[in-house]
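Here are some notes to read with the structure open beside you. Please look up each residue as you reach it.

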Amino acid sequence: MTKKTLILTTVLCFLSGLFYVQAQEYTLSFEVLAAETGLPLDDASISITPCACGGVTNSSGRFSISLPGEVYTIRVSFIGFRDYSRTVELYRNSILRIQLDEAEEQLSEVVVRAKKRLDLVETPQMGALQLDAKDLKKIPAAVGEFDVLRGMTLVAGVNNAGEVSNGLSVRGGSLDQNLLLYDYAPVFNPTHLFGLFSVFTPDMISTVDLYRANIPARYGGRITSVLDVKVKNPYVEKTRISGGIGIVSSRFTLETPLIKDKLLLNIGGRGGFTGFLLPLFSERLKDTKANFYDTTMKLLYLPTERDQISLTGFYTKDFYQLDLISQVENINARNNQYDFQTLNGTLNWTHTFGDESNLRNILVYSHYTPKTIFPEVDNDNEITYDATIDYLSFISEYSKTVNDNLDYYGGIQVNQYQIMPGSLDPGFGNSIVPVSLETETSYEMAAFANLNWKPFEQLTLSGGLRFNHFVFVGPFIEATFDDVTGNLLGSTVFGKGDAVKTYNSLEPRLGANLKIGENTSIKASYARTNQYLQNIYNTTTPLPTSRWKTSDPDIAPQRADNYGLGIYKNIADNSIEVGLEGYYRATQNNLTYKPGADFFLEEFLQRDVVQAEGEAYGVELSFKKPKGVFNGWFNYTYSRSLLRSQNERLADRINNNEWYPSEFDRPHVFNGTINFEGNKYNTWSFNFTAQTGRPYTVANSVFVLEDINVPIFIERNNARLRPYHRLDFSWKIKYGRNPNRKWVGDWTFTVYNVYSRRNPFNVYYAQRQDGVDSDVFLGSPLGTYELSILNSPLFAVTYNFVFD
């Protein structure tokens with residue numbers, strides 16, 4: 001072999017060996033775990049460059065891939081955890097054991113286990129619509145902060161009564177037919193600032209569940225829906241401060257561990273002093289005042305690995321003054337002042353027997369005090385009307401998840417209602433007689449059970465049953481009246497604690513979900529519900545004086561049979577969710593007022609109310625795009641809500657016992673929300689809502705009494721206000737590009753009612769003077785005027801911050 005041949009052979013051998021080394025493949029294996037618990041993470045995403053390859057982990061948190069020997073950059077991500085990245089020089093078979101940290105906060109193992117166990121208990125039942133705080137923050141709010149009730153009104157079938165509204169109407173139901181819970185405690189007046197936003201402290205909210213169809217058996221006492229708002233638990237290892245400063249309201253939240261891994265605190269508050277702003281938006285509001293505040297506190301104690309004890313406290317107060325009504329019950333007042341207070345408390349002990357079995361015991365107290373103050377004209381005297389609701393409840397519930405296809409729960413609930421219907425204090429120096437109505441006491445005892453079963457991969461069934469035993473007790477005076485004259489014939493007196501009237505009811509709850517293919521499902525539901533506590537109001541006044549009442553011998557519980565059927569489909573590669581749902585609800589014993597009723601301080605309320613049958617039906621079409629630069633949702637609802645009295649006595653009939661639209665009948669409703677997330681620093685949001693005008697009552701005729709034109713009302717809800725529509729806008733600006741900053745802030749600008757729509761709230765009549773507005777009213781003896789609350793845009797700016 002020549003020297004030249006030797007050199008050539010050597011070079012070829014070297015190149016062959018080099019090629020072999022470069023072409024050799026090795027196995028790269030991953031094991032991905034949660035750093036805090038050591039548990040494997042299923043479906044963690046793994047991406048590898050420069051090969052542009054990767055995959056996801058299995059149920060054991062493992063993934064393997066064969067790659068040529070080279071230098072690679074790997075990236076591991078999992079929802080709720082911080083991303084992990086590193087460089088790997090692959091020259092042999094290798095195993096990477098990767099631990100991911102939680103994204104939001106570094107929690108100790110004790111707290112993480114407690115969090116996972118509580119999440120298991122709180123898992124919502126099939127058929128629930130759930131929004132978390134992130135969803136709510138995307139909705140343009142009226143005052144620069146996200147809001148529960150405003151978020152709900154963008155859901156198909158959910159409305160409010162306009163700008164001045166104190167709750168929700170779900171599928172044509174009245175405001176009192178919805179059960180509103182805040183950490184298990186009922187809230188009887190859920191709004192601030194004339195209904196512009198809710199009383200729930202924003203930064204304290206964890207999740208919001210709305211049940212409209214297949215209402216779980218654990219809920220009772222309302223016939224239309226349940227809105228369950230949960231306060232977030234303070235799972236923190238270090239102190240965290242957040243809040244916002246705005247023109248309309250400001251808020252502050254503190255989360256901190258008091259004893260590491262044992263005692264944790266979450267407390268938040270909000271206040272608003274807006275009286276000086278209101279005259280800027282309407283001359284009509286120049287003498288209007290509105291101040292409010294609310295605060296929520298949650299204390300979480302972890303005595304053992306299997307026990308959690310939490311205490312939630314909630315207090316809210318509103319004061320506002322209006323001059324829209326000058327006379328109530330022959331009281332000549334300069335204006336009306338309203339003072340509402342709510343104090344709630346919830347004590348919750350949850351014990352975990354195993355990973356899939358839990359027992360929770362809950363004690364709830366709620367105290368609601370509405371007060372109306374009438375400052376008299378020409379003197380300093382104030383006439384005061386107030387009432388109270390005291391609610392006490394105990395709930396014990398056992399739940400168990402047998403396997404992925406079967407879970408169940410069962411329990412008992414005992415409620416006590418104490419209602420002081422009304423008390424009138426005339427103050428001094430007038431002829432008004434003081435009045436104090438007797439306190440009403442009643443008890444509701446219930447047993448319930450619910451089963452969720454998945455017999456096949458495509459079919460899920462839910463069945464529940466609730467039994468209610470309601471007792472109304474004394475002291476009480478049961479009166480008998482003549483059916484023709486209405487005169488009192490006699491009465492029966494019941495002593496304190498005597499059983500006056502008992503009602504028993506059985507409430508089945510059924511649901512089914514059938515999957516057709518990968519992206520389509522059909523759902524059906526049925527629920528029977530009963531309601532023993534109701535609110536009576538007269539909608540002919542701009543701000544009605546309402547009265548709460550439990551069932552008694554003369555007022556039977558309201559009852560409803562709710563039916564639902566819908567089809568749901570994901571389209572465009574699961575980027576768009578489409579739903580079409582129909583419903584029908586038949587109701588009995590809906591409580592409304594008789595023609596000419598005056599129940600303000602009526603001792604025998606049955607003389608002024610009517611219990612009518614009702615029906616509500618509709619079709620809801622919804623589109624939702626939850627992700628992407630452009631995201632949002634649209635829905636359209638066609639629905640009707642009708643009532644019919646069944647009184648034999650002519651004077652007690654409403655619309656001659658014919659069907660008529662309820663106050664919440666809205667045949668056509670459209671809602672749309674668009675969010676444009678141009679980059680991570682700017683988000684623009686638009687919300688548009690439009691609906692048929694609400695029904696109101698037009699006078700059928702006019703007669704003259706002592707030279708005064710008096711309107712005659714024969715029919716109820718025989719006309720409609722003009723259609724309601726409104727556009728809202730918000731712009732959220734984040735700043736601070738350093739992710740390690742402890743102080744993070746952003747600005748939120750909002751415009752409510754962008755194009756100054758004068759949406760009518762009500763229509764009222766006034767006596768005309770000769771020749772005044774004759775070109776408008778012509779020969780009409782009365783002037784008809786339309787009342788609008790907001791006639792211009794409502795601007796707000798809020799600075800939000802987090803200090804961690």
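Predicted model: local features only at pLDDT ≥ 70, side-chain atom pairs only at ≥ 80, totals over all residues.

1. Not counting residues up to four places away in sequence, Leu263 touches Pro257, Leu258, Leu299, Leu300 and Tyr301. Leu263 belongs to strand β19, which covers residues 263-273.

2. Along the chain, Leu263 and Pro303 are 40 residues apart, and their C-alpha atoms are separated by 8.5 Å.

3. Next, look at strands β42 (residues 668-679) and β43 (residues 682-691), which run antiparallel and are joined by nine bridges. The link between β42 and β43 is a hairpin of two residues. To find the pairing on screen, take Asn671, whose bridge partner in β43 is Thr689.

4. Strand β43 also pairs with β48 (residues 724-734), again in the antiparallel sense, over 10 bridges. Here Ser685 stands opposite Ser730 in β48.

5. How many cavities of 30 Å³ or more does a search of the whole structure find? There are 12. The second largest cavity has a volume of about 310 Å³. Its lining has 26 residues, and the closest to its centre are Ser174, Gln177, Asn590, Leu591 and Leu643.

6. Which strand gives the largest share of the lining of the second largest cavity? It is β38, with five residues. Strands β35 (533-536), β38 (576-593), β39 (609-625) and β40 (630-644) each supply at least two residues of this lining.

7. By residue class, the lining of the second largest cavity divides into 13 polar, eight nonpolar and five charged residues.

Conventions: Residues numbered from 1 in each chain as written. Heavy atoms only, no water. Helix = DSSP H or I, 4+ residues; strand = E, 2+ residues; numbered from the N terminus. Contact = heavy atoms within 4.5 Å. Pairing = 2+ DSSP bridges. 1 Å grid on protein atoms, 1.4 Å probe; cavity = no way out; pocket = protein on both sides within 12 Å on 5 of 7 lines; lining within 4 Å. Points joined across faces, edges and corners; volume = space filled by probe spheres on them. Nonpolar A, V, L, I, M, F, W, Y, C, P; charged D, E, K, R; others polar.
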